[in-house]
Number of protein chains: 2
Amino acid sequence: MVPRVVFGQGSFSQLGDILLPKRRNSNAPFIFLVDDYFENKELAMSMPLMFNDRLIFVSAEEEPKTEQVDALVHEIRESFSELPSGIVGIGGGTLLDLAKAVAILLNNKGQAKDYQGWDLVSSPSIYHVGIPTISGTGAEVSRTTVLLGPEKKLGINSDHTTYDQVLLDPNLTKTVPKEQWFYTGMDCFIHCVESLNGTYLNAFSQSYGEKALELCKDVFLGDISESESRDKLMMASWHGGMSIAYSQVGVAHAMSYGLSYLLGIKHGIGNCLVFQHLEEFYPDGVDLFKQMLTKHHIKLPQGVCADLTQNDFDTLINVSLGMEALWENALGKDWKQIMTPERLQTIYQKI
Amino acid sequence: MVPRVVFGQGSFSQLGDILLPKRRNSNAPFIFLVDDYFENKELAMSMPLMFNDRLIFVSAEEEPKTEQVDALVHEIRESFSELPSGIVGIGGGTLLDLAKAVAILLNNKGQAKDYQGWDLVSSPSIYHVGIPTISGTGAEVSRTTVLLGPEKKLGINSDHTTYDQVLLDPNLTKTVPKEQWFYTGMDCFIHCVESLNGTYLNAFSQSYGEKALELCKDVFLGDISESESRDKLMMASWHGGMSIAYSQVGVAHAMSYGLSYLLGIKHGIGNCLVFQHLEEFYPDGVDLFKQMLTKHHIKLPQGVCADLTQNDFDTLINVSLGMEALWENALGKDWKQIMTPERLQTIYQKI
């Protein structure tokens, strides 16, 4: 779990004070990895830079990649004589995951792909701070950083992945475009539905998942102010991330990983594309999801898988069925009998 | 926040594996501070002791005291050539608070009373693990350890107070006597009511407080199995503790502190004695509380303050009104106009 958290509208102004006692010396910089959406925007101008701190803008157009992590680590090592005092990740799931991975690799040998899996990280990461600017992924609280590697999309899951400090300032989400707000919020909603309907559930994860789901309903189906909605979606993301940290996601995430890997479809919209066709697995959740689509006038892309070859479908199916823990959580120990490759292809063909 | 947590029925069996990598060497013991209720019971027999580890049984009959902390620290320092590898606190709020304070004082000079207040602890505490055996206080998750000092009952509030690891095993609460179960559970229920009705509330604390309150209603007014009830009350305590860690308690706690200080009344029952008379401040909460009393056939002691002198009442009032943050949270910035000493005495006289 994240040991330190600050919450509040306007709390971003506390960042300088939070970082100050963590500065080892004036040669050990803080590296700010920031979504390039904020380049030349007010937020980028108000970073508490000191000494030789470095601001690096990163595009979040594509899912984060292991080679991107390796390149950032190389650049940072080449640029400074000392290890940084810390890494600050500012953005959505892509930036938050990149910053976690960079913090790990700066203090562990080898390449990012070597650590994709469970508990493969031996040395602690360097101090790292996460600041979400969009709500829903749960990346700010999770003990994973999901990366596209040369062979697989898989997380670096370890106790060293988790942020040392998180700053939750709902005001930072004011400028999120509506469709992205919806798709990223649905990431939270969908992983709560998966966690709450999973066989791995216990009372710990259940209590977090139920609260996150309730907050999502308030945000996407309730009648509340924009300010309250930003507060609540940020907390939904937090509790939703806690819920899956101690349980597991399910069918939508397993299938969405295939779409990301083959077609580069981003995680939030990928989940939505899949989830709309999962009424047989999550009837109540899909019903609520369709109400949310209608209320917010969201039209999902169609025919995404229309032109795929059988070879493409085989790739989708292989990547997806490789996520064994997700399928077992969703369907139980006999999941291989329930979710055959043929059945999975039928669902992909609807997308 | 607590960086590591394990949850699950039977998870106590993992304690040995959790402690092993934290053992510095065979001369640096783990000190287990355990509620003496468990002396000669199965739990005490199954402690994962190694090398020169020490098991110390402590009575939880009275509220934890600063001098008790100092005595334990002295005893541990005298007994071993090295600082312990860590402290494990096993019990209710008293034991959990004692263990936190001992872990701080082993690595900080002076006496426990020197650190009562906010952020007075300079050096990190030694590694410490909290294992609750009764649910409701939130001591397992909070960043305070409330101690009776020579002059005041006040917490050592600091980032170093929080446990490094918590183990939540609902099975450990199986043997709690019914009245104690009720009073300690009500500690959680009451601090949630106070937090949710306080002026310090934000969306972070609100989401935790609402979930804890909902779980308390399931446990004390719902119709669920004993096993589910133990799971849920343990999670209620956890979320309730999180809620007040980032907000504040209110009238019941401020008044209950006075009762503890003057009469040695334990925190859980003290809160209940006060809360029953607070319908003007917390009408919905007090109504639910009375339903819970009735459902579980709990008869609160009466006439507790009947024989007090005016001098005694003055002490109660001074200790209670000294808790300025609690009153401001409950009643707003003008609390001194609202809660006069005379009005406070009228409420104490009903108890």
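Biologist: Which domains is chain A divided into, and what sets their bounds?

Modeller: Domain 1 covers 4-173 and domain 2 covers 178-348 of chain A. The bounds come from an automatic or database domain assignment. This is a predicted model: local features need pLDDT of at least 70, side-chain atom pairs count only at pLDDT 80 or more, and totals for chains, interfaces and linings use all residues. Residues are numbered from 1 along each chain as its sequence is written, chains are lettered from A and ligands numbered from 1 in the order written, and side-chain values use heavy atoms, without hydrogens and water.

Biologist: How do you know how many residues of the two domains of chain A are in contact?

Modeller: Contact means heavy atoms within 4.5 Å. By that test, 27 residues of domain 1 of chain A meet 24 residues of domain 2 of chain A. The centres of these two domains, taken over C-alpha atoms, are 25 Å apart.

Biologist: What makes up the area buried between domain 1 and domain 2 of chain A?

Modeller: Buried area is the accessible area (1.4 Å probe) that two parts lose on being put together, summed over both. Here the value is about 2,300 Å², and carbon and sulfur atoms give 64% of it. On the side of domain 1 of chain A, Ser135(A), Val141(A) and Lys153(A) supply 25% of the area buried against domain 2, more than any other three residues.

Biologist: How many polar contacts and salt bridges link these domains of chain A?

Modeller: There are 9 residue pairs in polar contact, both residues at pLDDT 80 or more. A polar contact is a pair of N or O atoms within 3.5 Å; within protein, one must be able to donate a hydrogen and the other to accept it, and residues adjacent in sequence count only if both atoms are side-chain atoms. The count of salt bridges between these domains of chain A is 0.

Biologist: Now the two chains. How does chain B superpose on chain A?

Modeller: A rotation of 180° with 0.0 Å of shift along its axis does it, at RMSD 0.0 Å. That is the relation of a two-fold axis. In chain B, the C-alpha of Pro3(B) is nearest the axis, 2.4 Å from it.

Biologist: How do you know that the same surface serves both copies?

Modeller: 100% of the contact residues of chain B recur in chain A. The contact joins 22 residues of chain B to 22 residues of chain A. The area buried between the chains is about 2,200 Å². Met1(B), Phe204(B) and Lys211(B) supply 25% of what chain B buries, more than any other three residues.

Biologist: Why is the meeting of Lys211(B) and Glu210(A) called a salt bridge?

Modeller: A salt bridge is a side-chain nitrogen of Lys or Arg within 4 Å of a carboxyl oxygen of Asp or Glu. Lys211(B) and Glu210(A) meet at 2.6 Å, N to O, so the pair passes. Arg4(A) and Asp159(B) are 3.6 Å apart at their closest N and O atoms, so they pass too. That pair runs from strand E1 of chain A to the loop between strand E8 (153-157) and strand E9 (165-168) of chain B. Strands are DSSP runs (E, at least two residues), helices likewise (H or I, at least four), numbered from the N terminus. Between chain B and chain A the count is 4 salt bridges.

Methods:
Copies are superposed by least squares on the C-alpha atoms of residues with pLDDT of at least 70 in both.
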